[in-house]
Amino acid sequence: MACRERAVYFARVDIGLVVNNALSPHGGKLVERVLNPARARAAIQGLTSVPIRDQIAIECINIAYGFFSPLEGFMQQADVDAVVQDMRLAGGYVWSIPIVFDMSEEEVQQWGMQAGKTVLLSYQNQPLATFEIEEIFSYDKHVMAQHVYGTTDERHPGVRRTYGYKEKFLGGKITLVNTPKLNPPFDRYWYTPKELRRTFEEKGWRRVAAHQSRNVPHAGHEWLMKGAWFASNADAVLVSAVIGEKRIGDYIDEAIVLAHDALRKWGYFKEGTHMTSILLWDMRYAGPREAVFHALVRKNLGCTHHMFGRDHAGVGSYYDTYAAHRIFEELPDLGITPVRTLEWWYCPVCAEVTYEELCGHRDKAQQFSGTVIRSILDDGVKPPRLLFRPEVFDVVMGAAEQYGSPFVTEAYLERRKPILSIPPL
Amino acid sequence: MSEAVYPINIWINEERFARLQEAGLVDMAKDILAGMKVIQVLASPQQTELILEKFPTAKCDTATTKTIELLPRSVKNDLFNLVIERRSVNIVDVYLESLQ
């Protein structure tokens, strides 16, 4: 492209004229790169089989099923640079988290990875996806960390993940050649974007508010969802529980999905107004940038709204409490409406869980959080039903009985059954 | 860590309540959340840092409740035992000494 044309092109990208970020799915088309078994068996013949780790495997699955539309594979350098520097893909669509495939120089040599070659990615010793390598490149990880996380502090888990990437990145298209089997209890809550969109249509849901969760729901979460349902004039709430890498002390994933579904099952959300699903993803804790990412993924699922409470996707004190609310003001219409909520607290005067902007008894407010509720449960105290539904408590106690604790422990990590299995092709 | 003092919350379960009753210390427990009672043990900023360093699963909930939560139950049991024994919530220094 000539110099003047490039200047005009990027100016148009800058003011969002070239692409329409409001399209749903993001980019205008739901990516689906999945081969049926017969075509898959043919496609993998003669390919070098390269084993991959958990993160790469779930991102292959997400890419192939369209969770990350418009991405069709792991990012090439132009996309990584545009995402890091400008929170855009090279083509102009908003995107906030680099999706990368990393390898050491040694591994690149060992497996004969080179641009123009297609390899077979294997996981759990089974074929998972083909990878059409288009580019192998390096990228400054400090620059990546600073821009994506706003810090280079290695205590930030996302920064630590970034610094842990090996020295080379490989970009190229991914095609799933094998269907992952989600293990119970997750199988009931696993929907691809295509399946979820079909489900919404079958249920007659035109407005769906997404609730992102990594926690067993307390009443604050429940009212966050109900408040967002009202604010969105929604047909339903979709709980999109993030299932992925866990930290010691987190709720176990089994407890999270079953507890959320208990709210529907026991009528705290009328049948037809609530649904639980899972999203396979290792949290980056990127605060506002991750809030944007979450919004785009849930748009790809067919959601029209996404609720954001306090400190969404944050960790420690790296991000201002409501930074994830404000970032959307800097962006064009993303085709999914952020529903921003402040605090819910327990008020002894109102005698209910109530909202910061409605309750006139701030001086009497009794605040609570997921951390406090976990602490209370850990101390063997059953919270009152106003704060924590008894059926949710029963799910948590059931998880304690079945897994030793409702919270992640070393023992749980050693003994847990994988969330998904890759069957033989 | 700022100069703010964050209480360590020891939530009162049935067993702890019985022990408070037995010791005549029920009034020491505060109702701070929807009728749930807690013994709040105060730690200075320096003591808080030591405790959080020693027990990394614990968390200082600076965003919402401004309390220290998620200490291991055994630690809270030890702190609670000291409260009963000394009939006081000013026991963190004694506890930290016992760890050395």
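Leaving aside its neighbours within four places in sequence, A:Cys350 is in contact with A:Cys359 and A:His361, where contact is defined as C-beta atoms, placed from the backbone, lying within 7 Å. The structure is a predicted model, in which local features need pLDDT of at least 70 and side-chain atom pairs count only at pLDDT 80 or more, while totals for chains, interfaces and linings use all residues. Residues are numbered from 1 along each chain as its sequence is written, and chains are lettered from A and ligands numbered from 1 in the order in which they are written.

**The loop between S13 and S14**

- A:Cys350 has its place in the loop between S13 and S14 of chain A; helices (H or I, at least four residues) and strands (E, at least two) are DSSP runs numbered from the N terminus.
- With 16 other C-beta atoms within 10 Å, A:Cys350 is partly exposed, a class that lies between buried (20 or more other C-beta atoms within 10 Å of the residue's own) and exposed (12 or fewer), with C-beta atoms placed from the backbone.
- The C-alpha atoms of A:Cys350 and A:Ala234 are separated by 26 Å, and the two residues are 116 residues apart along the chain.
- A:Ala351 lies in the loop between strand S13 (344–347) and strand S14 (352–355) of chain A, and A:Ala351 is exposed, with 10 other C-beta atoms within 10 Å.
- Phi of A:Ala351 is positive, near 60 degrees, in a residue other than glycine.

**Other backbone features**

- Most residues other than glycine have a negative phi, and most peptide bonds are trans.
- A:Met87, a residue other than glycine, has a positive phi near 55 degrees; A:Met87 is placed in the loop between H4 and strand S3 (101–103) of chain A and counts as buried, with 20 C-beta neighbours inside 10 Å.
- A:Ser24 and A:Pro25 are joined by a cis peptide bond with omega about 0 degrees, and A:Pro25 lies in the loop between helix H1 (3–14) and helix H2 (37–43) of chain A.
- A cis peptide bond with omega about 10 degrees also joins A:Ser69 and A:Pro70, and A:Pro70 is found in the loop between helix H3 (54–65) and strand S2 (73–74) of chain A.

**Helices H6 and H7 of chain A**

- The axes of helix H6 (residues 141–149) and helix H7 (residues 157–164) of chain A come within 9 Å and cross at roughly 155 degrees, the axes being lines fitted to C-alpha atoms, for helices over the stretch in contact, with angles running from 0 to 180 degrees between N-to-C directions.
- That crossing angle makes H6(A) roughly antiparallel to H7(A), a term used for angles over 145 degrees.
- A:Lys141, A:Met144, A:Ala145, A:Val148 and A:Tyr149 in H6(A) meet A:Gly158, A:Val159, A:Thr162 and A:Tyr163 in H7(A).
- The buried residues of H6(A) are A:Met144, A:Ala145, A:Val148 and A:Tyr149; they cover an arc of only 95 degrees around the axis, which puts them on the same side of H6(A), the arc being that of the directions from the helix axis to the C-beta atoms.
- These buried residues of H6(A) pack against helix H4 (77–86), H7 and helix H11 (288–300) of chain A.
- H6(A) is followed by A:Gly150, whose phi is positive, near 75 degrees.

**Chains A and B**

- In the interface between the chains, 24 residues of chain A are in contact with 19 residues of chain B.
- Helix H13 (residues 370–378) of chain A gives the most to the side of chain A that touches chain B, with six residues.

Notes. Angles under 35 degrees count as roughly parallel, over 145 as roughly antiparallel, 65 to 115 as roughly perpendicular and the rest as oblique. Two residues are in contact if their C-beta atoms, placed from the backbone, lie within 7 Å.
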